[in-house]
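Me: Take me through one part of this model in close detail. I want the loop regions and the charged side chains around them. Keep it brisk.

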Amino acid sequence: MRHATSARARSTEAPEDGNGLHGPHTHLIGAERATAVSPTSAVTPLRLGYGTNGLTDLRLDDALALLADLGYDGVGLTLDHMHLDPLAPDLAARTRRLAGRLDTLGLDVTVETGARYVLDPRRKHGPSLLDPDPDDRARRVDLLIRAVQVAADLGAHAVHCFSGITPPGTDPDTAWHRLADALTPVLAAATRAGIPLAVEPEPGHLLSTLADFHRLRRTLDAPQHLGLTLDIGHCQCLEPLSPADCVRAAAPWLRHVQIEDMRRGIHEHLPFGDGEIDFPPVLAALSATGYQGLTVVELPRHSHAGPHFAELSLPFLRRAQATATRSPVLDPPPGDPSATPEGSTS
C-alpha cells in the first residue's frame, strides 16, 4: 500500500486487569535513561488513529469508513473474531482484501493483539506468554507470529503485544525466563518480516513499566526489532515520571503509541477530559521526538458508543496539539506511583 509502506519503512529505521500494580519504580535504569534522546526544535506532525477494540459493535468495513470520514490518519487493528479473525480460514486472502480497503481509504495501520477472548472463550487474555503449560504458551506465540504476517501483508508499522499477568505460584525469575523464551521466535519472525514488535508495559502484568521493558531488552540482548508500545494513560497511572517525561525517556525505542485519559493509580481508560492528564505537553514531547508511527485512541470499554467517542477524540487531540505548538511546555514534576489500586477497569 502506498501510505502504509512508507510508514513501515520509517519504523524499521532506527490487559487490562490484574492483581494490582507492581511495586513503584522510582527511576529508570541509568544506562537506558542516559541514552534517551532529548527533544529538538524540530516538530513532527502527529498521525492520529483510533483502535478497533473501541468499535467492536461495528463491522470492520463500517468502522474503517467512519474513521476515514472523520479524518483519522490510521487505525489500531485488534485481531479479533468480530473484525479480522486471526484463527478463521483464508486469513491471507482476507488480509489482502483489507489491505486494498485501507489503501482506498488512505488509512495507515498498526496490528494490535489485545483481544480479550480470541484464544480462549473462558479466560480473558488467556493463554498468555507466561502460562505454566508450554502448549498454552505456544498458542499465544502462534497468534503473535500470525499477527506479524498480517502486519507484513498490510504494510503495518508495528505489531503490538504484552507480557500477561504472572500466574499464581510462579516466581518472577521463572516468569521472566518464560517471557524471553516465548518472544524469541516471535522476534525472529518480526526480523524476517522487517516489522517492529512493540511490547506494551501494562499495569498488573509482569512487564508493567518502562524499567521492566529495559529488563526485557537486556535479557534478549537488545534485538533491533524489539520496540515499545507506550500507553500515555498507563504513564499517568503508575510511572514515576510525568507522561511527557515518559515520552522523552521512551523515544529511542518508541514504535507505537496508545492514548486516552487516566487518573493516578487507577487503570481505567477514560475519554479525554475525564481524567487528570495535561495533554498539550505530552503531544509536544511526542512531536519533538520525531516519532512517525500512529498515535491511537484506546477506549475499549466505550465501544458501545464508539462512533460518538471517535468523533469527539480527534478534535480534542488536534486542539491539544495546536495548544502545544503555541505555548511553552512546562512539565509537572513526577509524583510517586500508587502501588495499591483496586485493579484494572479498562
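**Loops and charged pairs**

Reply: Asp221 is exposed, at a relative accessible area of 67% (exposed is over 50%, buried under 20%, partly exposed in between; 1.4 Å probe, protein chains only). The model is predicted: local features need pLDDT of at least 70, side-chain atom pairs pLDDT 80 or more, while totals for chains, interfaces and linings use all residues. Numbering runs from 1 along each chain as its sequence is written, and side-chain values use heavy atoms, leaving out hydrogens and water.

Asp221 sits in the loop between helix H7 (210-219) and strand E6 (226-231). Helices (H or I, at least four residues) and strands (E, at least two) are DSSP runs, numbered from the N terminus. The phi of Asp221 is positive, near 65°, and Asp221 is not a glycine.

Asp90 also has a positive phi, about 60°, without being a glycine. Its loop runs between strand E2 (74-78) and H4. Asp90 is exposed, with 58% relative accessible area.

Next, the loop between E3 and H5. Pro127 lies there. The peptide bond joining Gly126 and Pro127 is cis, with omega about -15°.

Arg123 is partly exposed, at 32% relative accessibility. What does the side chain of Arg123 meet in a salt bridge? One partner is Asp120, at 3.0 Å, N to O. A salt bridge here is a side-chain nitrogen of Lys or Arg within 4 Å of a carboxyl oxygen of Asp or Glu. By this rule the count comes to 10 salt bridges. Asp120 counts as buried, at 13% relative accessibility.

Asp136 pairs with Arg123 as well, the closest N and O atoms being 3.5 Å apart. Asp136 is buried, with a relative accessible area of 17%. These residues belong to a network of salt bridges: Asp120, Arg123, Asp131, Asp136 and Arg139.

Arg101 and Asp61 form a salt bridge through their side chains, 2.6 Å from N to O. Arg101 lies in helix H4 (residues 91-105) and Asp61 in helix H3 (residues 60-70), so the pair ties together parts that are 40 residues apart in sequence. Arg101 is partly exposed, at 27% relative accessible area. Asp61 is partly exposed too, at 40%. Side chains of opposite charge can pair when their charged atoms come close.
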